[in-house]
Amino acid sequence: MAIALKASKKGLAIIDLARKKKGWTKIAVPWRENALVGEAALRKFWRRIPIRQDNFVSICKAVGVDNWEDIVEETLPLEDSPSSELKWLLELKATLEEIDKPLIDKLVAQVQKCSPNAIVKTQKLDSSSLVLIEDWQSVESILSRKQARSISVDTPAPENSVRRAKEIDLGGNHAVALVVQTTLESETEVGICVWVYPTNNAAHLPQNLQVIALDESESIIMEEQTGDAEDSVELEFGVEPTELFSIKIILGDVSITEDF
């Protein structure tokens, strides 16, 4: 079986700096040609989806990062994991071209045999949703109840949607909650909703906070800037299912970018 590798967050930051020095976009043709990989492999690399080791190494070296081992996500061996008195949480994640119902039924039956209260859900996802599922938290764990209600978190997200949140530290005792929702609306379009809220019991967002949506060539899709006493920012746009995009938050000299 071929070995599959994925990049760590720290590793992607190294790669991102290297490709900017070359003046390449995240899926630049010269990069793909030098690495001898297709566009799909490079997109998966940026989304931290495991790809073949030879492709992973080629992508790193083509952009000038020879120490590809520094880019790989390291996992803690099971025997080295800290012990705990808590119950185990079994989480199975997979992306499938098709749903094999007999196989899923057998898997569910086996899991429920061990844990009768197990819940199994299948959902069609776009690739950007995988980033949210893996690296982000539930909205309720980040936002206050009042803020959560304001984006209808008390009701289910639309079908084929993933909605997650992350706290963004902007320094100087400033932090905001970034909420991103992706909705697979069709085979050719993914709807993106972005909300930014104050945290740490702050009533309003910092003044002159910029929230910018960028496409894969780093062109601005749309942007908003806060004025005085604003309690939220919202962006809404669409991308193709395989299209990369980023959300950049700027406050003064601090700039944080989240890639999808």
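## A pair across two strands

Ile249 faces Ile256, a residue of strand β10, from the opposite side. Strands here are DSSP runs of E with at least two residues, and helices are runs of H or I with at least four, numbered from the N terminus. This is a predicted model, in which local features need pLDDT of at least 70, side-chain atom pairs count only at pLDDT 80 or more, and totals for chains, interfaces and linings use all residues. Residues are numbered from 1 along each chain as its sequence is written, and side-chain values use heavy atoms, with hydrogens and water left out.

Six of the seven residues in β9 (245-251) are buried, meaning under 20% relative accessible area with a 1.4 Å probe, protein chains only. Strands pair if DSSP finds at least two bridges between them. β9 runs antiparallel to β6 (210-215), joined by six bridges, and Gln210 sits opposite Ile250. Six bridges also link β9 with β10 (254-259), again antiparallel. In the hairpin of β9 and β10, two residues lie between the strands, and Gly252 has a positive phi near 60 degrees.

## Two nonpolar cores

A nonpolar core is a set of buried Ala, Val, Leu, Ile, Met, Phe, Trp, Tyr and Cys residues joined through side-chain atoms within 4.5 Å. The largest one holds 27 residues, and Trp31 and Phe45 are among those with the most contacts inside it. Helix α4 (53-62) is one of the elements giving it two or more residues; α4 contributes the most, five residues. Apart from this core lies another of 24 residues, including Ile168 and Ile249.

Technical notes: Buried < 20%, exposed > 50% of the residue type's maximum accessible area, 1.4 Å probe, protein only.
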